[in-house]
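Please walk through the structure below with the sequence at hand.

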Amino acid sequence: MNYEKMTYTNHLGERIEFGSGGYFVNANGLHDYTWTPSSRGGRIASFSRGVTKYTLPVAVTGGTEAEATARRNRLLDVTDADVDALQPGRLAIGDYFLRCYIMASQKKQYNRDKRFYLTTLTVVSDDAYWVKEYTSSFSSELAAGASGALDYPYDFAFDYMSPLLVQAVNNVSYAPADFILNLYGPCENPAVRVAGHEYAVSHSAAAGEYITVDSRARTLTLTKASGVKVNIFKDRGLTDYIFERIPAGTSSVTWDGELRFDLTVLARRSEPLWI
């Protein structure tokens, strides 16, 4: 039998590898999805997806009774840590991951042979999309080394005259994507434009600090050199909505040449990409 390979990583970074090492997954519901329609005037007005549950049949095995017992105990320790902390883990299939919790375990066939154990896990998510992260780095040095950076097959409604620099970012999803934008110090009142939309912050970051815009969490934070995080939500730019998602496809990225930043696009799908 060809067992599906996947990995569960909890918020502490502890991992369970399914498909090897004594943990195996049978045919499961992780590839299933459902949109819930809402109507207005007898017509479908929108679709949404609330809290979603998935089933995950798991077999735990070991060469000895002690080994199998240790593995089944570790399965609980790794997954229940997220529930206790109310911080989701990540269940990854290929390059895509689902932010989720393991909220239930229903056992069977655990008393015939202690070297073999079957359970059905219930996976629950309030953000039921499979996400792939694409991170691009931007700086004056990288822009200078990007050949043909301005040679696009279409025109952008911007003036790319100095001192602004331009590169591009690609959202491979069919839909607008959430993002994480890290703006590195030293910088003062940094601003980045993606497809003409401005992401601006009325705050400064010293050397060794960085500002993070997280569109999915709707947060704006300053991380100090010590690692302490400060909420600077009140200092978001008001010209454009700072949490606007990144459009599908290729978009221009413009910024002042002195700024260094990383842009992570969270491309999402209703099911993990089949490979």
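**A walk through the model**

Asp80 has a relative accessible area of 37% and is therefore partly exposed; that class lies between buried, under 20%, and exposed, over 50%, with a 1.4 Å probe and protein chains only as cover. This is a predicted model, in which local features need pLDDT of at least 70 and side-chain atom pairs count only at pLDDT 80 or more, while totals for chains, interfaces and linings use all residues. Residues are numbered from 1 along each chain as its sequence is written, and side-chain values use heavy atoms, with hydrogens and water left out.

Asp80 sits in helix H1. Helices (H or I, at least four residues) and strands (E, at least two) are DSSP runs, numbered from the N terminus. Together with Glu14, Asp77 and Asp84, Asp80 forms a negative surface patch. Patches take residues with over 30% relative accessible area and no salt bridge, joining like charges within 9 Å and nonpolar side chains (Val, Leu, Ile, Met, Phe, Trp, Tyr) within 5 Å. Asp and Glu count as negative, Lys and Arg as positive, and His and the chain ends are not counted. Each charge is placed at NZ of Lys, CZ of Arg, CG of Asp or CD of Glu.

The protein chain as a whole contains 2 helices and 21 strands. Its C-alpha atoms fill a box of roughly 75 × 55 × 40 Å along the principal axes. Of the 275 residues, 43% are buried. Among contacts (heavy atoms within 4.5 Å) with a separation of 6 or more, 68% join residues 24 or more positions apart. The accessible surface, from the Shrake-Rupley method with a 1.4 Å probe, comes to about 15,000 Å², and carbon and sulfur atoms hold 50% of that area. There are 28 positive and 31 negative side chains, with the centres of the two sets 9 Å apart.

The surface also has a nonpolar patch, made of Tyr33, Trp35, Ile44 and Phe47, with about 440 Å² of accessible area together. Tyr33 belongs to the loop between strand S3 (23-25) and strand S4 (36-40). Its relative accessibility is 43%, so Tyr33 is classed as partly exposed.

Next come the salt bridges, each a side-chain nitrogen of Lys or Arg within 4 Å of a carboxyl oxygen of Asp or Glu. The count comes to 11. In one of them, Glu67 pairs with Arg71, the closest N and O atoms being 3.3 Å apart. Glu67 and Arg71 are about one helical turn apart because they are separated by 4 residues in helix H1 (residues 65-85).

Which parts of the chain does the salt bridge between Glu133 and Arg90 link? The closest N and O atoms of this pair are 3.1 Å apart. Glu133 is in strand S10 (residues 130-138) and Arg90 in strand S7 (residues 89-93), so that distant parts of the chain, 43 residues apart, are linked. Glu133 is partly exposed at 34% relative accessibility, and Arg90 is partly exposed at 33%. Strand S10 also carries Lys132, whose partner Asp95 lies in the loop between S7 and strand S8 (96-108), 37 residues apart. The N to O distance in the salt bridge of Lys132 and Asp95 is 3.3 Å. Asp95 is exposed, with 54% relative accessibility. Elsewhere, a network of salt bridges links Arg99, Asp127 and Arg216.

Is Leu30 buried or exposed? Its relative accessibility is 0%, so Leu30 counts as buried. Leaving out residues up to four places away in sequence, Leu30 touches a set of residues including Met6, Tyr54, Leu91, Val123, Trp130 and Pro272. Leu30 and Glu271 are 241 residues apart in sequence, yet their C-alpha atoms are 7.5 Å apart in space.

The backbone comes last. Most residues other than glycine have a negative phi, and most peptide bonds are trans. Leu86 has a positive phi, near 55°; Leu86 is in the loop between H1 and S7 and is exposed at 67% relative accessibility. Phi of Arg218 is also positive, near 55°. Arg218 is in the loop between strand S17 (210-214) and strand S18 (219-223). The peptide bond from Gly185 to Pro186 is cis, with omega near 5°, and Pro186 is in the loop between strand S12 (178-184) and strand S13 (187-188).
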